[in-house]
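Work through these exercises with the sequence and the model side by side. Try each task before reading its solution.

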Amino acid sequence: MKLLYKLIFLCLFIFSVGCGDLLKMDTHFVPIEAENLYEYDSLQSFEEIYDSTKIIAFLNRETVTELIKLENFDALASIRYKFRESLEGSLDRMTFGSIVIDGRLPGFSRIEVDDRYVPHTLTFVDMDFFYYIPWEKSRSYDIKLIAQDISNTMDDCTIFYVDENSIIYGERGEHHVLHITYLEAIKRLEVFHSVQKENPFRKLPEQDLFSNSLAKLRLAKNFHNTENAPKEIDWTNFENLISRHQRKLFATIRDLIPEFSMEFSEAIRFDFELKDYRLNALIVRDSTVKKVFKELNAVPVNTKINLKKDATHKTLKQSLRGLSIFHEIEIVHKTDQGFIINENDDRFYLVFIYENNGTPYLFHLSGLDNLREAHFYFQLLSNLEDLNYKGL
């Protein structure tokens, strides 16, 4: 914490500029990237990170899921993933024991998985595919023999985890996930293969990288459990959905607020540039924060206001200008703690109010591209006080 704190204060002295709009104060610009959070993780041994009991507990965590319709079947997946099917051949070629994956062979197909919550800037390699190959049920394969073969043929390879259908293997900074399932209905063997490799130019702690790999294995293990779709979203399964790096990032900002309070005068404004996610988190403490929040609360949900032409919301217009919101707005969702604001139908903002030792803070998140993403971060910020990133 102390190293990050010193780094941030160095940034404050370099990037502080005057601000004449919202609440008339200096704005302190603070860029935060993965490297800045590296010191938050204590150095752990291989045994501590790759403990099988912790791995199983992670795989059993429930997340927010949805049913998705694919070409040959319906599947269950976490809402953090997107899927792209390819029914034609590809250049994919790999072998796992008696299982040969070859995109040139008849009947081959694959599904590419895109993880929306792990930015590509954080990993050097993030490749996740479901492969489908024609297979008769009478044909056999042995997951333990596959694990042994991997161990014997790959240099510096460690088998981190094995069960009846899955293997996690690799080395520090690079993890492979393999999960194999036979699908009787379509007479295909489903082979899920994931590679997570750290970016040599970015420091991503081993816990973060391995947590991503476990999330991919959890996806594969539950892909066909369509009867288990949760009927109710609660904070526990939502927190399990969020990547460890995301949890750590927002918990960091939350924990810095009281530290900043002791160092600065009453009026402060911090603009955190969350480079890995292309977001900006603005935190404001000022005597008029509650007034701004009250003005927003007076606007009914689903009511559009043209800030350029409307003459009845002058005070609100002035307040939003300080948040870089200038055009037609609509509050699409609100609670007693926060708002989702849509500007010009293509930009979304979140505005929240928190208290620290009785002093109100305004938290403004910008850079959101769609309503789905806005609702995701709205849920996260609604539970900011409970956010935890310790362990996997």
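**Exercise 1: the largest pocket**

Sort the lining of the largest pocket into nonpolar, polar and charged residues.

Solution. The lining divides into 5 nonpolar, 5 polar and 10 charged residues. Here Ala, Val, Leu, Ile, Met, Phe, Trp, Tyr, Cys and Pro count as nonpolar, Asp, Glu, Lys and Arg as charged, and the others, Gly among them, as polar. This is a predicted model: local features need pLDDT of at least 70, side-chain atom pairs count only at pLDDT 80 or more, and totals for chains, interfaces and linings use all residues. Residues are numbered from 1 along each chain as its sequence is written, and side-chain values use heavy atoms, without hydrogens or water.

Next, the size. The largest pocket has a volume of about 610 Å³. A pocket is an open set of points on a 1 Å grid over the protein atoms alone, where a 1.4 Å probe fits, with protein on both sides within 12 Å along at least five of seven lines; lining residues have an atom within 4 Å of a point. The volume is the space filled by probe spheres set on the points, which are joined across faces, edges and corners.

Now the centre. Of the 20 lining residues, the closest to it are Arg116, Tyr117, Tyr277, Asp369 and Glu373. Last, the elements: helix 10 gives the most to the lining, with 3 residues. Helices (H or I, at least four residues) and strands (E, at least two) are DSSP runs, numbered from the N terminus.

**Exercise 2: the second largest pocket and helix 5**

Find which helix supplies the largest share of the lining of the second largest pocket.

Solution. Start with the pocket, of about 440 Å³. Leu59, Arg61, Glu62, Arg218 and Asn222 are the closest to its centre, out of 22 lining residues. The largest share, 5 residues, comes from helix 5. Helix 5 covers residues 206–222.

**Exercise 3: the largest nonpolar core**

Locate tyrosine 377 and list what it is in contact with, leaving aside neighbours within four places in sequence.

Solution. Tyrosine 377 is in contact (heavy atoms within 4.5 Å) with Gln246, Phe250, Tyr277, Leu279, Leu350, Leu365 and Leu368. Then place Tyr377 in the largest nonpolar core, where it is one of the residues with the most contacts. This core has 46 residues. A nonpolar core is a set of buried Ala, Val, Leu, Ile, Met, Phe, Trp, Tyr and Cys residues joined through side-chain atoms within 4.5 Å. Helix 7 gives the most to this core, with 7 residues.

Note on methods
Expected span 1.5 Å × (residues − 1). Buried < 20%, exposed > 50% of the residue type's maximum accessible area, 1.4 Å probe, protein only.
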